[in-house]
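Please keep the sequence and the structure in view while reading.

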Amino acid sequence: MKSKAIKYIIGTTLVSHMVFANSPVVNPNSSPYLSTDATSEEQRLSQITDNINNLIAPYKNFIQDFNKKITNKIDYKSIMKYVKIQGNELWNLSKINNNSTNKDDRSLYWVRLYISYLLRNHISSLELENNQRIELFWNFELASRGNDDINFKPDDSFKVLLTGFDPFGLDYQIEQSNPSGYIALSLDGKNLNINDKNVSFETLILPVRFEDFDRGMVETMLESYIKNSSVDMIITSSMGREDRFDLERFPALRRSAKSTDNTITKTGASQINPLKPFLNGNELDGPEFVEFSLPAKAILKSKIHYQISINKDSSDNDSVSKPYVYDIVDNRTVKILERKKVDGQIIDKVKEIPYVKKLESIINKKSVSGSSGSFLSNEITYRSIRLRNIYASSLPIGHIHTPYLDQSDLIQTEQNNVPVEVQQYNTLKQTKSILSHAIKHLIDNNQNKKHCKVKISNFISNYNQNKNSLENCTFKHNISSEYNTKYYWIYIPQKTKKLKLSINGNTGNADLYVSQDTHGWPTQENHDYSSITKGSTETINIENPTPNHYYHIAIKPSTPYKNISIKAELID
């Protein structure tokens with residue numbers, strides 16, 4: 001496929017429709033769902049280089065076959081069926097494995113744009129309702145991003161769902177790749193043996209477009225797996241900083257990045273004016289920050305030192321071999337917006353917190369950016385953890401930023417030239433190590449704590465931000481109070497047969513009270529259960545607690561106490 005052919009179909013003018021939005025982000029001139037003309041993404045096909053043309057070339061027959069057959073389909077149902085099939089076929093053609101011709105994530109991105117343009121051009125002359133046009137592109141996008149290809153098997157011992165992103169920053173570097181997309185296409189459908197367990201991977205790739213997120217693409221892709229606990233771990237990933245992996249501990253609710261997405265759209269947000277994203281027309285609800293649930297300590301042990309061979313010159317048979325490893329960082333940095341009085345005036349001021357120890361210290365602060373920043377990589381992890389918390393799932397979920405992939409021909413590392421394909425391989429290899437360490441830890445933990453497999457989330461939707469949540473089978477230590485009652489809560493999942501609550505301490509006299517949520521918060525006078533023996537060691541056992549409800553817990557000091565602990569156990 002030649003560049004001339006692409007220019008002939010698409011045209012050569014890139015129209016920049018810059019949109020600023022503080023409502024659901026839709027750029028009507030470049031929306032993949034609403035635009036009747038080529039979107040700004042599709043128009044970039046006129047600018048692609050010979051390298052990109054070479055990546056697209058193996059798909060020439062696929063593109064031509066689509067263009068030929070779509071012209072014969074003029075009713076909505078037949079077009080819908082065809083684009084879903086072709087979207088899924090494109091995804092399968094783009095997987096990276098030993099038997100495939102594709103070895104790059106960019107092929108999928110550019111061919112998808114080509115197909116979407118041909119589809120847009122075809123339906124422009126048909127009498128379709130606006131919502132039908134939206135549904136056609138929505139279903140094609142989902143299918144071509146792996147959503148229709150997820151196929152975990154009953155005998156899979158451990159199921160991992162991993163997401164990546166499209167390339168972005170294409171107006172600065174048209175050849176830009178995204179290592180998270182490369183990783184997703186390399187791992188999709190793969191199986192690994194870890195701890196004698198069959199670990200299976202299914203993957204998805206998300207667009208770098210605000211509109212898709214506001215339309216609920218993350219929720220569409222992930223919600224059923226989180227709600228039904230049908231996978232064992234969800235990893236979201238994207239390209240991040242140079243020469244390091246980041247475990248992004250505290251994602252934030254709000255957008256504040258000034259960067260444009262792939263449709264040249266801005267949200268109108270800034271650090272001084274961070275804005276909530278949307279979900280199906282409404283502002284996204286939830287706390288200002290959430291916390292990931294990946295086994296960070298295990299992942300931090302996954303650094304691997306390996307040799308990379310770099311040919312300095314194609315005519316030189318000698319190669320240079322040097323140890324090369326990316327650092328792994330447990331990133332706890334966030335930014336918040338604080339109101340301060342300066343010279344008699346109240347102003348908003350951005351404050352960076354370099355290291356957040358506990359979620360509770362920031363959960364009610366107005367978020368500016370999370371550990372993963374303030375762009376869509378932050379947002380995908382926030383939305384996925386938000387779903388986890390809504391459904392009180394025990395699912396380990398979190399975001400990993402891969403190292404930045406320098407898309408120039410060569411980069412300098414330890415005075416040696418490292419080709420892009422070597423960078424991709426290194427990133428994939430260390431990602432596998434990260435995943436293996438996390439999975440091994442989770443398998444070992446599940447085997448050792450079978451009765452503790454249900455773990456309560458740190459935060460459930462917008463539920464009572466002034467009270468503390470409890471995690472099943474996990475102690476909260478060093479609780480002290482002289483006069484004030486301490487409050488906690490826990491959510492009861494389906495199939496829970498017993499709730500066991502206990503406090504333990506050697507000082508003072510603390511009493512334990514519990515009420516189901518329908519009865520309000522417990523007091524000394526009004527409660528459903530209590531344990532008020534002498535001292536600060538109390539236990540309450542609740543048989544067959546009501547599922548899908550919260551249980552409220554109060555620790556009241558009869559006399560001041562120090563350094564007691566509380567533990568919650570759910571037994572199914």
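How many residues lie between S11 and S12 in the hairpin that these strands form? There are two residues between them, and Asp 343 in this turn has a positive phi of about 55°. The model is a predicted one. The points below begin with the whole chain and then treat its hairpin, sheets, helices and single residues.

**The chain as a whole**

- The chain contains 13 helices and 25 strands.
- Of its 572 residues, 55% count as buried.
- Among contacts in the chain with a separation of 6 or more, 77% are made by residues 24 or more positions apart.
- The chain exposes about 25400 Å², and carbon and sulfur atoms supply 44% of this area.

- Strand S11 covers residues 334-342 and strand S12 covers residues 345-353; the two pair in the antiparallel sense over nine bridges.
- One of the paired positions joins Lys 335 to Glu 352, its bridge partner in S12.
- Asp 343 is located in the loop between S11 and S12.
- With a relative accessibility of 78%, Asp 343 counts as exposed, because exposed residues are those over 50%.
- Most residues other than glycine have a negative phi. Asp 343 has a positive phi of about 55° although it is not a glycine.

**The seven-stranded sheet**

- Seven strands form an open sheet in the order S2-S3-S1-S4-S14-S5-S10, and the pairing is mixed.
- The edge strands are S2 (191-194) and S10 (327-331), each of which pairs on one side only.
- From one strand to the next, the twist averages 25°.
- Helix H10 packs on this sheet and touches S1, S3 (197-206), S4 and S14 (397-402); the direction of H10 makes about 160° with that of S3.
- Within the sheet, S1 and S4 (residues 233-239) pair in the parallel sense over four bridges.
- Leu 161 stands opposite Ile 234 in S4.
- Asn 195 is found in the loop between S2 and S3. Its phi is near 55°, a positive value in a residue other than glycine.
- Asn 195 is partly exposed, with a relative accessible area of 28%.

**Strand S24 and its partners**

- Strand S24 (residues 549-559) pairs with strand S19 (residues 486-492) in the antiparallel sense over seven bridges.
- In this pairing, the bridge partner of Trp 489 is His 552 in S24.
- S24 also pairs with strand S21 (residues 509-516) in the antiparallel sense, here over eight bridges.
- Asn 509 stands opposite Thr 559 in S24.

**Helix H7**

- Helix H7 (residues 130-144) has 15 residues and reaches 21 Å from its first C-alpha to its last, close to the 21 Å expected at 1.5 Å a residue.
- Why is H7 described as largely enclosed by the rest of the structure? The reason is that 11 of its 15 residues are buried.
- The buried residues of H7 include Arg 133, Phe 137, Trp 138 and Glu 141.
- Helices H5 (76-93), H6 (106-123), H9 (210-214) and H10 (217-227) are among the elements that cover the buried residues of H7.
- Just after H7, Gly 146 takes a positive phi of about 100°.

**The packing of H4 and H5**

- Helix H4 (residues 60-70) and H5 pack at an angle of about 175°, with their axes 12 Å apart.
- H4 and H5 are therefore roughly antiparallel to each other, a term used for angles over 145 degrees.
- Residues of H4 that meet H5 include Phe 62, Phe 66 and Ile 70. Among the residues of H5 that meet H4 are Ile 79, Tyr 82 and Leu 93.

**Two buried residues**

- Thr 431 is placed in helix H13 (residues 420-448). At 7% relative accessibility, Thr 431 counts as buried, because buried means under 20%.
- Leaving aside residues up to four places away in sequence, Thr 431 touches Ile 183 and Phe 245.
- Gln 176 lies in the loop between strand S1 (158-165) and helix H8 (179-187). Gln 176 is also buried, with a relative accessible area of 4%.
- Gln 176 and Asp 105 are 71 residues apart along the chain, and their C-alpha atoms are separated by 10.0 Å.

Technical notes
Residues are numbered from 1 along each chain as its sequence is written. This is a predicted model: local features need pLDDT of at least 70, side-chain atom pairs count only at pLDDT 80 or more; totals for chains, interfaces and linings use all residues. Side-chain values use heavy atoms; hydrogens and water are left out. The expected span of a helix is 1.5 Å times one less than its number of residues. Buried means under 20% relative accessible area, exposed over 50%, partly exposed in between (1.4 Å probe, protein chains only). Contact means heavy atoms within 4.5 Å. Accessible areas come from the Shrake-Rupley method with a 1.4 Å probe; for residues, only the protein chains shown count as cover. Two strands pair if DSSP finds at least two bridges between them. Axes are lines fitted to C-alpha atoms, for helices over the stretch in contact, and angles run from 0 to 180 degrees between N-to-C directions. Angles under 35 degrees count as roughly parallel, over 145 as roughly antiparallel, 65 to 115 as roughly perpendicular and the rest as oblique.
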